Amino acid sequence: MKKVRLRDICWYRSGDKGDISNIGLMAKNEKIYQIIKRQVTPEKVKAHFKDWVKGEVIIYPMDNLLALEIVMYQALGGGATKTLRIDQTGKAMGNALAWMEVEVPDDFVVPK
Amino acid sequence: MKKVRVGAGSSGWPDYKDSAWDVAEHGDVDYIAFDHLAELTMAILQAQRARDPRRGYIPDVIPLMRGLLPIWKKKDKHFKMVSNGGGANPVRCAEEVFKIVKDLNLGGMKIGIVTGDEIPLSRIDELRAQGYKFKSLDTGEEDIDRIRDKLLCAYVYIGADKIIEALEGGADLVLTGRASDNSLYVGPFMHALGWKYEDAYWDRIGAGVIVGHLLECSSWSAGTCSNLWEEAEYPEGNPGFPIAEMDETGECVITKTATSGGLIRELTLKEHLVYEVHDPHNYIMPDGIADITTIKLEQIGKDRVRISKLGDAPRGKKRPDTLKLCLAYNDGYISEEMMVISGPKVLKMAERITEFIHRRLKHLNLKPREVLIQLIGFNSLQGPTVPVPDPEHEPPELGFRVAFKCDTEAEARECRVECGHLAWAAAGVGTAFTNPPGIRPVYALWPTLIPRDAVPLQLEIKEVK
């Protein structure tokens, strides 16, 4: 097995609702979708964001879109209207998640 | 088979006015809808109206309409318009639009004005006296006792009911306050395709809610804010806005004009279907609850993507009995300061400034509620997820931003000047300071639910001959 970063195998877009950050993580193909569905877990996501995500993380798989809907509570420093962060609406939380690594077989080829 | 073409006209304040005009001119649309309101906008608009009763609507509506209405006339007044740009003052907004109609000598026009979304604070007290509780959807707190004295305004995300009624009444333009973004699109679908709030139609309304979601962020479904940003071209500098061709069964093609830039791809739509939906099986909107896992996307041509039903599962469920009520309240002040620091050893220098700021706050006995330090060019957007570079690969310079949240404006200013601005000199050699943005009040939001029947809405259709 070897490791690749999500940024090399997925697309992503993130947004907000109050203090909830949501990330849509879209696999570039079906095989990658099966990998992220298994390996991108709420525990791993929460650990990845350290003290930036203080609440629960829920992940909804969307098989029809080969995507995971990742919902993170207490994740935006209070929410758009209250936060001190520059990224008030969490638009870059997807990019932040995309640093995360997952394991892939040795013969796995990163899609272009 | 009945079909309707509905185009996006705006997704915020501001948005590309010329893109809306392009949809009107070249999109062959029957309806254009305009969303101008973000979560916080109503609180801002209401504060404007409190200072001047002639204000409180989205000012951009006026230049937008000044460009749009001549196209509307040229198209034989064929398309109808739906806008929530009335904000906290739809009545005044309508009066201003009528002035344009007269100025430009456009002939008659009917405007439907929808009100009732704003709940006066006295009414909130009345409802509480009757036993209603406003439990926070964010924190789970049972009621608003803690913030009652700090409340600024309360408004309800309303559905398409009155928009449909206005269109049935012949309105050319429907102006609302806080109609939900989604309902601005669902209203025209339901009116044009004969869908009702009845069991036979929840599946199709679900499809309408999903497509409404794709349209309500305008260019965001058409290549802006996209992972495909390298492929999205804007030869004329004008992003395209999406247009939905919806049939009466809820099947739809999303497209855009050839005269605009951007892209309509499976991916650009998928990006938006995963954006801010939370539980995709229960995307709750005032007109219905959609299940986004029940549809499929298929590229059928350049800038054309079909959205169809994937299996037998219904695309929607009955609309909820409650509506979302948002209470806005004052919650202190935010001040910030930014300097730019130079390497070598920028990360080390940033650590030293951070330490200095905290020591100085203590020294001066300043106690902001929160302090946040972010390094622009390193971790300001991606926080603790960013890998720390080895010293050989540190950025040559960094923006150093410190922000304070305080109870009073005076404290926020003192923190900024004493511990923000005056930190620059202690930072080290090669530091430049910038002009910070003004101190801003925090309008916090308390989202909750209110029964539909506690929110009576009004529609008035006004006509200028």
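Author: Two strands are said to pair if DSSP finds at least two bridges between them; helices (H or I, at least four residues) and strands (E, at least two) are DSSP runs, numbered from the N terminus. The model is predicted, and local features need pLDDT of at least 70, side-chain atom pairs count only at pLDDT 80 or more, while totals for chains, interfaces and linings use all residues. Residues are numbered from 1 along each chain as its sequence is written, with chains lettered from A and ligands numbered from 1 in the order in which they are written.

Reader: Over how many bridges do β15(B) and β16(B) pair?

Author: The two strands pair in the antiparallel sense.

Reader: Is β16(B) mostly covered or mostly uncovered?

Author: A residue is buried if 20 or more other C-beta atoms lie within 10 Å of its own, exposed if 12 or fewer, and partly exposed in between, with C-beta atoms placed from the backbone. Of the ten residues in β16(B), eight are buried. The strand is therefore, by the burial criterion, mostly covered.

Reader: Why is D312(B) classed as exposed?

Author: D312(B) lies in the loop between β12 (304-309) and β13 (316-317) of chain B. In space, 8.2 Å separates its C-alpha from that of T294(B), a residue 18 positions away in sequence. D312(B) is exposed because the number of other C-beta atoms within 10 Å is 6.

Reader: Which element gives the most to the side of chain B that touches chain A?

Author: Two residues are in contact if their C-beta atoms, placed from the backbone, lie within 7 Å. On that basis, 41 residues of chain B are in contact with 33 residues of chain A. Elements that each supply at least two residues to this side of chain B include α9 (266-273) and β11 (295-301). The most, five residues, comes from β18(B).

Reader: What radius of gyration does chain A have?

Author: The radius is taken over C-alpha atoms, and the globule rule is 2.2 Å times the number of residues to the power 0.38. With 112 residues, a compact globule would have a value near 13 Å. Chain A agrees with this, having 14 Å.
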